[in-house]
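Look at the model below.

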Amino acid sequence: QKTVTGTVLDEYDVGLPGVSVLVKGTTTGTATDIDGKFSLNVPNDQAVLVFSFIGYSAVEQVVGNRSIIDVKLSPDETTLTELVVTGYTIDSRRETTGAIATVDPKDLTVIPTGNVEQALQGRVSGVTVITNGQPGTTSIIRVRGFGSFGGNEPLYVVDGVPVQSTDFLNPDDIASTTVLKDAAAASIYGARASNGVIIYTTKRGRKGNQKLRVDYNGMFGVTTPGEGLAMMNPQDFATYTWLAETNQARIDNRAPKYEHPQFGTGNTPVLPYYINVGGAAGVAGPFSAAQLEEERAKYNVDRSKGGVYQVVRAATGEGTDWYKELTRNAPLNRHSIGLNGGSETSRFFIGLGYQDQAGIMKNNNFKRISLRANSEFDVTKKFRIGENFQATYRQVLGQTGGNGGRGVSADENDILQAFRMPSIIPVYDEFGGYAGTAARGFNNPRNPIANRDGLENNRNFNANIFGNVYAEYDILEDLTFRTSIGGQYNNYYYWNYSRLQYENSENNSSFGYSEGAGFNFQWVFTNTVSYKKTFGKHAFDVILGQEALNNGSGRNIDASGQNPFSTDTDFVTISNLPVSSRQVNSGLFRGVNFASYFGRVNYTFNDKYLFSAVVRRDGSSVFGENSRYGVFPAFSAAWRMSSEPFLQSATWIDELKVRGGWGQMGNSNPVPSTNQFSLFGGNVGASSYDVGGTNSSAQIGFRRTTIGNPNTQWETAVTKNIGFDGTFFNGRLDVIFDLWQKDTKDLLFQLPIPQTAGSNATPPFVNIGQMKNAGVDLLVAVKGNLSSAFTYDLTVTGSTLKNEIVALAPGLNIITSINPSYRGIQPIRNQVGQSLSAFFGYKVEGLFRNAEDVANHATQDGAAPGRFKYEDINGDGEITPDDRTFIGSPVPDFTGGVNFTVGYKGLDLSMYLYTSIGNEIWNQSRWFTDFYQTFEGAAISERLKDAWTPENLDAEIPVVEKTANFSTSNVGNSFYVEDGSYLRLQNVTLGYTLPANLLERWRLERVRVFASANNLFTITGYSGLDPAVGGNADTTFGIDVGNYPVTSGYTFGLNLSF
Amino acid sequence: CSDDFLEVPATGQLAEAQLTTLAGLEASLIAVYSQVNGRGNRLASPSNWVWGSIRGGEANKGTDPGDFSTINPIQRFEVNAASGDVGAKWNGAYEGIARANNVLRLMTKKAADVTDADEKRISAQAKFLRAHYYFELKRDYGNTPYVDETVDYGSGLEEVSNTQDLYPFIEADLQYAVENLPATQTQVGRVNSWAAKAYLAKVYMYQNKFSQAKALYDDIIANGVTSNGLKYDLVPYYDDMFRGANDNHQESVWAYQAAANTGSVNNANPEFDLNFPYNGGPGGCCGFYQPSFSFVNSFRTDANGLPYIDGSYNDPGKSVKTDMGLQSDAPFTPDAGNLDPRLDHTVGRRGIPYLDWQDHPGAAWIRNQPNGGPYTPKKYVYQVAEKGSYQDNSSWTPGYTGINFMIIRFADVLLMAAEAEIEAGSLEKAREYVNRVRTRAKNSELKRGDGTAAANYNVGLYTAAWTDAATAKKAVRLERMLELGMEGHRFYDLIRWNTVQEELDKYLAYDGAILVAALGGAKFTDKHRLVPIPQDQIDLVGSDILIQNPGF
């Protein structure tokens, strides 16, 4: 027998306390002290020491003739042995019974997204992330489907503080990301948990006397805009303008009459040299130098100085590629410095972050500067205090789309304008002004480059501080009390100018200015007592807690007006706007208060049988007195089969745990804080009247704005989950599998009430209807090494989702009150038995081949050869609204990701693919580009070259013509519906880590350089710009009017530690 | 936590108790007036430019086939219950009704500072306006659910069927208004008892209650005054009615008080924002609401200055010369034949001064001539001189005006009275009323800057005694179109006279042959006398409660 001593170091060569050191095959063992040192008596030189610590790979060492054994443990990245931060507690994955997923922090940093939640796409099974390419955009995150008609956002918890958005976080500051998916895991958050909970913690430093560690992560790169859609060049555009007349004349049974202000009146169109000379169209040219000088003298684009006079030369050849002109290669860079350190009794982390990312359109930029300072101190051995703090400056310029940019795809924005502007129009006129549809004959698109330039001086920013302070006291060895108070203060300010247009056919009539600001403050106060104790074979882990919070109170003010004396931006303020034009509005809100109690008991018998019970009782001010409280229980159990004797012989099984759980979670997200009250309001736009007959002022009146319902209650989601966690083949294979179902009942839903109650009064949210979501979540991770130098790691996540509206109100099977409408086309319908927001309309059987085909088909308004032939669903011989049917769903059947990493010595190569399968897209942009008659004169797609003609009877593109009716462009039908499935290589990174000998010479810990390509390719059948089509809300996603595409980008970067 | 913690009051809005005071009731009444113009819902206004004038064949949608294409099936009489915008008027009117009901409901809880006189004054205005909204519904949809202040959310609102005739309720509300409104008001925007009488008479006319209507008309024509105390009369020069500075003139029986630069263009006739010439002139956008060929032709007069009441104005030789198919740089001389000058106060046509802007240039101001024809609307368009004062620049287009829209004007009263007189057998009284209207027309020649007439105007009076009721009816009916054209009355008049089929057949045959792509093949069928009950409303309460109109 001899004594062996040594030190156990972590991956940063810092002593690791609490490491178990065991002589293999015996019960002899010890644990390392605070410095990672140990001393142990071993029986002989053949003894094998096993060093193990949660979160680290176990290391075995034969003692041999050594008396000092130093080992270095490296973090065990096998998923199943990791620690899981669940907000109120930190558990070992081994002991959990719920459906919980985690994300490797470094996965959040590889893609240069502005908002950290975008990086979850494909990383976590069961989480749907729908986003777009606009920097700083907010994504739609849905955990296990769509539980309700709105308010399906998961609860975000950062360092124990619930927040509405995580856009202030710097990805490099994040230490852990956990997604609680089922009730067993999430019910501890009770009333706010039904859409899942995403928990972030930030880096905290390490205890122990150690030198300061500095990490620098930097990247710079570029996002490329890719190619636009193929639109017709000037000559083809003119030819098809004539073809439309030829076809229309045939349909109308008359002689064609060719005319266009630019292309003349001949039998063939003639391209003009100038498309606008002082308002005249179709002018021959070119002008001589002298003539041009004469024109220059008449030139005027300042409407305040009189009539506009422009000279615009027609673009020739392929014409203007408006998408190319509108977009740019957009630079990005991100830098983070993390300072990490501690003493015996303290630890801290300071993070400084800077990200500046340009969008592919001009004056569209995202910028974030953040400072994080986390620290923790041991006041005594039993008493610890700490804090998390972050200050963030965030700026998103030129963003379009409501809800933080989410709604961009459904907007008629500048990207759509690029595909509406005819290629014959140049970007600029002959003397430097903007060209546009002021040149006659091109209808009403607006020059998108002028639009973007007009945003140049607009500014806005958010400044917010976020954090909490906490104290922990060990009342007994196993009993800890923790109290925490935290919150977020957010402030924003903006000012915008709108230029006086002159270049369009439809111009505004004034220079506008607006300015506004607001703040909000939210807070949370949490107290918990936790108790963890093992009695023989019985292990208990108990937490009891109380929480009170307010989700945000504040005020805002905004003002606007027109036509200041001077438009010099140094002059323009609200005060300098004409008094008569000024409008000022403000608001105040107090938020919702929650008061809650919660508890959880975990019991483990013999390390094999795990039981967990959770309950939370929430009270919320959003509900009336009678229905204010809700109780949300959950129960789960797990069986660690791998601990059973009968599996001991199966040495390929390292760990196998079968789990099952049931529970209830609540939701009140959709409900506005005023839901219980009937309220009245005044508003100049909605309820004012010039009762005095002044012609220039209006007195504001009051009308009912809200119908209240004091009896509204929580929406409840019941989840059922069974699954297993397994680790096999010495940690080389991890599998996490879950089969789940989530039934949401008492849906909080603004049940439409008849218009007879008045359309201004918002109906209350009431509890009605049921929604079902079900699916399978799977994670398979394989890793290992072929030699000591060559390692590989493959992680596949996949999830299926089936979403169905099970019930609405009694006697009500469909809701149309929430349907959006785009140019008279309503793409969706919510109906019992269908998925949320399923696409609805007439089903196109094909195009009418000829008159005979029309005659043989059911009666259809506007039917003619080359137009849509709708299926007579009910077979009554007539196409009526009853023949509309469901023609697709934006909800994907399957989403998944593949992450593949190989390492060879210092080199590492990783690839990350994402796929979404089985979702459809409503390509509303085709209403503009694929029909000549929808704003005649605006650009048309190259696709029209395959349109129906008497010679092309099997075409899929309708005849090019000038009629807008039921059988052409006027109603929603399956022509707009396309398969939205895609597979995208989101990221490829090649990195090189410098070898240790070099680092030592330079006194550096780590140096890695890398090069990445993002979104290198996308495999899809979708004909629009990009199949990743987001949406403003759960009821409008997957509709592409002017989607902001996710495009390829390239980044280079450096990771440096010393 | 104490329970107080979970009591968070609503902020920035009012509760019911704060509105039962006199001030609260007055402010709630303002909101009822406010809704009259539909507040930005372009198809909910009593201007009825789509439901009344376009469906009546005075105009077509115009512009481009794909623009606001939900109007296409309306003008072609192809709507179904699920078509877009069939519920526009429904939604707008019921919001007005809800606001009126709100006032009357608050009144039942009135505070101590509200006197009985206050109650009558306020309730009478609310009831007048409620009657107006129901009348608008009745004309478009037939019977709709009658909801008053006793029915609300949670108290049977969804159970109210549309099987009851609305007219008795409308009459009762108007009768209350007649009895309780003052003859003049301190604020001109408020309705008076004379407006209530004129409205009630109109409602009688829609039910063919001619004698009751005549009794009211006799009183109104003899004694009626506007809310600001002007004795009812015709404005001497036709176009002066439509100028902002003249608002609330002697002809204005009831007008929506429009105002510019109030902070919201919803106060500035938002339903008209698309109805301006394209690419130049006032508004600059969007080329909607283009007068029809048939309508323009109807202004042709014969050698005596009388219109062709036999409807032959579309015949070759009588129809008005157009610049259809001509670009603006091609030469064009306007029609030289006899015309009623009201044409040139109602329709913008090439070569004729367009208010004080310039001579109408023809195609250059037309967005899509093959689709909409060569004409542009002219009534309620602002002058250059009205820019910025009676016009609002704060929105996306300058096409917002602070010019009152007249829902009932005295010429309308006179012509309806003429109809009532014919039914009573007093044809000569009818002729007198018609001639009163025609005299003003005669005095309303559009002049160029040099004082010459802009066209060959010739308006004569009916000098021969009227002896045949059928002929008299024809004269009055055509006079209504000439006088009130593009003001939203025509379709409802055709229904009232039961001439809708023949008149629209004639219009669609004539205009449909010219605007083939837009109107060709369109046909009025009987079921389209009414707009279908919006399907989404039936879906909500059930087809047993909300009964669909026949044929839909």
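**Sheet, strands and interface**

Q: In what order do the four strands of the open sheet in chain A stand, and what is the sense of the pairing?
A: The order is β3-β2-β5-β6 in chain A, and the pairing is antiparallel. Strands here are DSSP runs (E, at least two residues; helices are H or I, at least four), numbered from the N terminus. This is a predicted model: local features need pLDDT of at least 70, side-chain atom pairs count only at pLDDT 80 or more, and totals for chains, interfaces and linings use all residues. Residues are numbered from 1 along each chain as its sequence is written, chains are lettered from A and ligands numbered from 1 in the order in which they are written, and side-chain values use heavy atoms, with hydrogens and water left out.

Q: Why do β3 and β6 of chain A count as edges?
A: β3 (29-31) and β6 (56-62) of chain A each have a single partner strand, so one side of each lacks a neighbour in the sheet.

Q: Which strands of chain A pair with β41(A)?
A: Among them is β38 (residues 733-745), joined to β41 (residues 770-785) by 13 bridges. β43 (residues 802-807) has five bridges to β41(A). β42 (residues 790-800) has nine. Each of these pairings is antiparallel. A hairpin of four linking residues runs from β41(A) to β42(A). A:Asp777 has A:Ser799 in β42(A) as its bridge partner.

Q: How many residues of chain B are in contact with chain A?
A: 95 residues of chain B touch 98 of chain A, where contact means heavy atoms within 4.5 Å. The buried area is about 7500 Å², with 53% from carbon and sulfur atoms. Buried area is the accessible area (1.4 Å probe) that two parts lose on being put together, summed over both. B:Leu6, B:Val8 and B:Tyr153 supply 9% of the area that chain B buries against chain A, more than any other three residues.

Q: Why is the link between B:Asp67 and A:Arg823 called a salt bridge?
A: A salt bridge needs a side-chain nitrogen of Lys or Arg within 4 Å of a carboxyl oxygen of Asp or Glu. The closest N and O atoms of B:Asp67 and A:Arg823 are 3.8 Å apart, so the pair qualifies. The count between chain B and chain A is four salt bridges.

How values were computed:
Pairing = 2+ DSSP bridges.
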